[in-house]
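Please keep the sequence and the structure in view while working through the numbered points.

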Amino acid sequence: MPINFVRHSSRALFDRLRVADLEDSIADIEAWAGQDFARYLRRQEQLLLQRKYAQMPGYRLMHLGLAPDKQTLSGFEQLHSFHLAPGLSVAPGTSDTAAVSNYAEIPLPSEVVDVAILQHAVEYSASPKAVLAEMSRVVAPGGHMLLFLFNPYGPMGLLKFPMQLTTGRPHYRFHNLRKGRVADWLSLLNFQVLEIDHGAYNLPLQRPQWLEQDSRWERLGQKIRFPLGNFYMIHAVKREPRGI
């Protein structure tokens, strides 16, 4: 029947566009995280962290990401640093302190984390608002949050929708979140955005030699802080609301 065909096609299309829970998709995403472009993306994000944010004060440092890596937190001086992973499949080379947790229900007391690093944990979650709300709960007043997200106007963000329709690859199933929209959410959660950085300007291609070396386009984008990189990073600090 034509009606049944339309219903089946609509359901299949919706399933391809839907962002699944990280617990269900983490194994496929971690497989992608080992490929050339994903390693290039993480390397650019690590360089940004080490160059600008490694000297942040505080005692506890928490990292939420898709594939926890020892190199991510290299250079940070917090006495207690740990990773949280969304599933049991943890990539090789991860920290021994990695634990499994639902990012919307983190098993920590309120206001205990001084620095929280989220590497694409928000846009790959089924409910980005729930993850940010949980971050607001566990981050202490005056604490910092470093939030990495895919740029909707960068190469990865622009390829998201056509790649979802034509291939259904799991690493393209994420929420395209504009930085202005995320900044508004953070403001409602008592976070003040201090700075926004951009990075990783190369196309998402599997070319190791090209990705391992900074191209002329990469260096130019970093120099002029061009806002069309593959990712953007928001640095926000939690403010304690005062009564009247």
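1. Is Phe150 buried or exposed, and what is its relative accessible area? The model is a predicted one, and in it the relative accessible area of Phe150 is 1%. Buried means under 20%, so Phe150 counts as buried.

2. The structure contains five aromatic pairs. One of them joins Tyr124 and Phe150, whose ring centres are 6.0 Å apart and whose planes stand at 75°. Planes over 60 degrees apart count as edge-to-face, so this pair is described as edge-to-face.

3. The partners in this pair belong to separate parts of the chain. Tyr124 is found in the loop between strand E4 (113–119) and helix H4 (128–138), while Phe150 is in strand E5 (residues 139–150), so their contact ties together parts that are 26 residues apart in sequence. Both Tyr124 and Phe150 are buried.

4. Phe150 also pairs with Phe174: the ring centres are 4.8 Å apart and the planes lie at 40°, so the pair is tilted. Phe174 is in the loop between helix H5 (155–166) and helix H6 (179–188), and Phe150 is in strand E5, so this pair ties together parts that are 24 residues apart in sequence. Phe174 is buried, with a relative accessible area of 1%.

5. Taken together, the ring pairs link Tyr124, Phe150 and Phe174 into a cluster. Phe174 has a further neighbour, Lys160, which lies over the face of the ring at 5.9 Å from the ring centre.

6. The next topic is the largest pocket, which has a volume of about 220 Å³. Its lining consists of 16 residues, and Leu48, Arg51, His198, Gly199 and Gln222 are those nearest the centre. By residue type, the lining comprises five nonpolar, five polar and six charged residues.

7. Which elements each supply at least two residues of this lining? They are helix H3 (36–52), strand E6 (191–199) and helix H8 (216–224). The largest share, five residues, comes from H3.

8. Buried residues in H3 include Asp36, Phe37, Tyr40, Arg42, Glu45 and Leu48. Of these, Leu48 is also among the residues nearest the centre of the largest pocket.

Terms used. Residues numbered from 1 in each chain as written. Predicted model: local features only at pLDDT ≥ 70, side-chain atom pairs only at ≥ 80, totals over all residues. Heavy atoms only, no water. 1 Å grid on protein atoms, 1.4 Å probe; cavity = no way out; pocket = protein on both sides within 12 Å on 5 of 7 lines; lining within 4 Å. Points joined across faces, edges and corners; volume = space filled by probe spheres on them. Helix = DSSP H or I, 4+ residues; strand = E, 2+ residues; numbered from the N terminus. Nonpolar A, V, L, I, M, F, W, Y, C, P; charged D, E, K, R; others polar. Phe/Tyr/Trp six-rings, centres within 6.5 Å; stacked < 30°, edge-to-face > 60°. Buried < 20%, exposed > 50% of the residue type's maximum accessible area, 1.4 Å probe, protein only. Lys NZ or Arg CZ within 6 Å of the ring centre and 35° of its normal.
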